Amino acid sequence: MTHVFADVARSWIGTPYLHQASVKGVGCDCLGLLRGVWREVRGEEPETVPAYTADWSEPQGHEMLYAAAMRHLSLAKNAEISAGHILLFRMRDGAVAKHLGIVSKAGSYPHFIHAYTGHGVVESPLSLPWRRRIAARFTLSQG
């Protein structure tokens, strides 16, 4: 089963990677993808995102992205990965969570859509190495 969030994210595939941007077809990073999809599905963004560097919150060890997700999304309660889930990843063990993706296909061979440096917005298999990096799964809050 598809989810509107996943369907809209799929329409962003091919958008170039551009740090801090969030414009379909022009450029975005992983947070920008989520922001852009949010605007298409929900309307105005719930808060202004401050400027951030590529190593955003890493030197301080602050879970800035996780905290923001907790403010505006709901933790996924079910055990199964579902289309439309928003995934938060840790790219290294012990690092802050700072990569986002949207599940586009669930089931035996799940996939997710994300903006990836050097690749732009792509749909990737949610392979075991990616699954091991998941720090949290979220759903859209009601509203």
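How many salt bridges does a search of the whole structure find? The search finds seven salt bridges. The views below come from a predicted model.

**View 1. The largest nonpolar core.** This core holds 26 residues. V37, I86 and L100 have the most contacts inside it. Helices α1 (4-10), α2 (30-42) and α3 (64-72) each give two or more residues, as do strands β4 (86-90), β5 (97-105), β6 (111-116) and β8 (134-140). The most comes from α2, with six residues. In soluble globular proteins, nonpolar side chains tend to be buried together.

**View 2. L100 and its contacts.** Leaving aside residues up to four places away in sequence, L100 touches C30, L31, L34, L65, I86, L87, L88, F89 and H114. L100 is also one of the residues with the most contacts inside the largest nonpolar core.

**View 3. H99, a histidine in strand β5.** H99 is found in β5. Its relative accessibility is 6%, under the 20% limit, so H99 counts as buried. The H99 side chain makes a polar contact with the side chain of H114, at 2.9 Å. Beyond residues up to four places away in sequence, H99 touches C30, L65, L87, L88, F89, M91, H114, A115, Y116 and W130. H114 is also touched by L100.

**View 4. A salt-bridge network at D7, R10 and E123.** Salt bridges link these three residues in a network. D7 pairs with R10, the closest N and O atoms being 4.0 Å apart. Both lie in helix α1, three residues apart, so about one helical turn separates them. D7 is partly exposed, with a relative accessible area of 37%. R10 is partly exposed too, at 31% relative accessibility. R10 also forms a salt bridge with E123, with the closest N and O atoms 3.0 Å apart. R10 lies in helix α1 and E123 in strand β7 (residues 120-125), so this pair ties together parts that are 113 residues apart in sequence. E123 is partly exposed, with a relative accessible area of 32%.

**View 5. The salt bridge of E45 and R39.** The two side chains meet at 2.6 Å, N to O. E45 has a relative accessible area of 19%, under the 20% limit, so E45 counts as buried. R39 is partly exposed, with a relative accessible area of 31%. Side chains of opposite charge can pair when their charged atoms come close.

Key:
Residues numbered from 1 in each chain as written. Predicted model: local features only at pLDDT ≥ 70, side-chain atom pairs only at ≥ 80, totals over all residues. Heavy atoms only, no water. Core = buried A, V, L, I, M, F, W, Y, C linked by side-chain atoms within 4.5 Å. Buried < 20%, exposed > 50% of the residue type's maximum accessible area, 1.4 Å probe, protein only. Helix = DSSP H or I, 4+ residues; strand = E, 2+ residues; numbered from the N terminus. Contact = heavy atoms within 4.5 Å. Polar contact = N/O pair within 3.5 Å; in protein donor to acceptor, adjacent residues only side chain to side chain.
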